[in-house]
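Keep the structure open while reading.

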Amino acid sequence: MPRTIAIDSPECASLPEAIEALAQQDFDPREEESTLEAALWLRRLTNNRTFLADLLLDRLAGRSDGGVESGYGPQAIILSPRRGNMFLRANIWPAEHDLFFRNSGAAAFVYGVPHDHNFSFLTSGYLGPGYRSDYFEYDYDALSGYEGEPAGLRFVERSALSQGKLMLYRAHRDVHSQLPAESLSVSLNVMHIDPAQGWFDQYGFDLERGEVTRVLSPNATEVFLRTAVASGSEAALDFAEWVGRTHPSDRMRLASFEARAGLIAEPDARQELWRTAEAAGCRMVAETAKRRRTDIRA
């Protein structure tokens, strides 16, 4: 489960102070000293019990048109622009009886969607009892990432991100299935950005089956490829064929076959394409190709 970090400091920091200190420190969750320093500044910001309300009231009253933006759906508030390899955000966690939970539904707040992360981040409980999670760990390097693959999840515990609790979520290791907070809650996050993270998959999981369900992380390059192939351009088809054979990203190779299969109406021809995919030398693609061929026969 995420690593709990115990830092008992009574000091407070303003949001600008925390942003500047974290940017100067260049947060790197792979380094212990950097992690503890960033956690200290998150603790100081968490101790500031008025900054978030003041920020939101200024925006609501029209006294400020910057400094806070919505992002990542209806629950996230971006508190700082990207500075180096980090930014700050706040997340709102409604209870089931809250109106915006009832209007948006559980999935809008990622409740009941077991997942890992392809980035590391620090988090603290800022307001309320906090969301609850069933926590698991797994071995990312042991997975190929195809739908239905046994994930080897190891249950750790169920706990809540209570007010003042500070944790480090570790990329490709910690898995959680979140449950609604008992009352409206807010968490603060120090987000770490790795330029390569878009090429590392974030997975969804089926806890009952203990399997991978799908890749959750978006990748614009994959979308561009699918769109180009959908145009029917010969150049796009040639490029997709090359991607399917040689691209270092398994997800891109799979996308190339899926995009080309979408242009083929004749079942036998689609079968032949997926048969080629099975022999492409990539387990993720091969296992998916087997399933696609079975679906065609059915």
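The paragraphs below cover strands, salt bridges, a surface patch, cysteines and backbone angles. The model is predicted.

Start with the open sheet. Three strands build it, in the order β7-β6-β9. Their pairing is antiparallel. β7 (154-160) and β9 (174-179) are the edge strands. Each has a single partner strand, so one side of each lacks a neighbour in the sheet. On average, neighbouring strands of this sheet are turned by 20° against each other, direction ignored.

Look next at how β6 meets β9. Strand β6 covers residues 132-137 and pairs with β9 in the antiparallel sense. Six bridges connect the two. Within this pairing, Tyr 135 stands opposite His 176 in β9. Strands of a sheet pair through backbone hydrogen bonds, and the sense can be parallel or antiparallel.

Now turn to β4. This strand spans residues 86-93. Is it enclosed or open to the outside? Seven of its eight residues are buried, so β4 is largely enclosed by the rest of the structure. A residue counts as buried when its relative accessible area is under 20%.

Strand β3 (residues 76-78) is joined to β4 by three bridges, and the two run antiparallel. Ile 77 has Ala 90 in β4 as its bridge partner. β4 is also joined to strand β10 (residues 185-192), through eight bridges. This pairing too is antiparallel. Here Ile 92 has Val 186 in β10 as its bridge partner.

Side-chain charges come next. How many salt bridges does the structure hold? The count is 19. Some of them are worth a visit.

Begin with Arg 3 and Glu 32. Their side chains meet in a salt bridge, at 2.7 Å from N to O. Arg 3 sits in strand β1 (residues 3-4), and Glu 32 sits in helix α2. The pair therefore ties together parts that are 29 residues apart in sequence. Arg 3 is partly exposed, at 29% relative accessibility. Glu 32 is partly exposed too, with a relative accessible area of 40%.

Glu 137 and Arg 170 form another salt bridge, at 3.2 Å from N to O. This pair links distant parts of the chain. Glu 137 belongs to strand β6, while Arg 170 lies in the loop between β8 (166-169) and β9. They are 33 residues apart. Are these two residues buried or exposed? Both Glu 137 and Arg 170 are buried.

A further pair sits within one helix. Lys 290 and Glu 287 meet through their side chains in a salt bridge, at 3.8 Å from N to O. Both lie in helix α9 (residues 283-297). They are three residues apart there, so about one helical turn separates them. Lys 290 is partly exposed, with a relative accessible area of 43%. Glu 287 is partly exposed as well, at 25%.

Salt bridges also join into a network. Its members are Asp 201, Glu 222, Arg 226, Arg 251, Glu 258 and Arg 292.

On the surface, look for a nonpolar patch. Leu 56, Leu 57 and Leu 60 form it. Together they have about 300 Å² of accessible area. Leu 57 lies in helix α3, which runs over residues 51-60. Leu 57 is partly exposed, at 47% relative accessibility.

What of the cysteines? A disulfide is a covalent bond between the sulfur atoms of two cysteines. A pair counts as a disulfide when the sulfur atoms lie within 2.5 Å. By this rule, the count is zero disulfides. Cys 12 is partly exposed, with a relative accessible area of 49%. Cys 282 is buried, at 6%.

Finish with the backbone. Most residues other than glycine have a negative phi. Asp 26 has a positive phi, near 60°. It lies in the loop between α1 (15-25) and α2 (32-47). With 41% relative accessibility, Asp 26 counts as partly exposed. Val 110 is not a glycine either, and its phi is positive, at about 60°. Where is Val 110 placed? Its place is in the loop between α4 (99-104) and β5 (121-127). Val 110 is partly exposed, with a relative accessible area of 25%.

Notes:
Residues are numbered from 1 along each chain as its sequence is written. This is a predicted model: local features need pLDDT of at least 70, side-chain atom pairs count only at pLDDT 80 or more; totals for chains, interfaces and linings use all residues. Side-chain values use heavy atoms; hydrogens and water are left out. Helices (H or I, at least four residues) and strands (E, at least two) are DSSP runs, numbered from the N terminus. Buried means under 20% relative accessible area, exposed over 50%, partly exposed in between (1.4 Å probe, protein chains only). Patches are made of residues with over 30% relative accessible area and no salt bridge: like charges are joined within 9 Å, nonpolar side chains (Val, Leu, Ile, Met, Phe, Trp, Tyr) within 5 Å. Accessible areas come from the Shrake-Rupley method with a 1.4 Å probe; for residues, only the protein chains shown count as cover. A salt bridge is a side-chain nitrogen of Lys or Arg within 4 Å of a carboxyl oxygen of Asp or Glu. Two strands pair if DSSP finds at least two bridges between them. Axes are lines fitted to C-alpha atoms, for helices over the stretch in contact, and angles run from 0 to 180 degrees between N-to-C directions.
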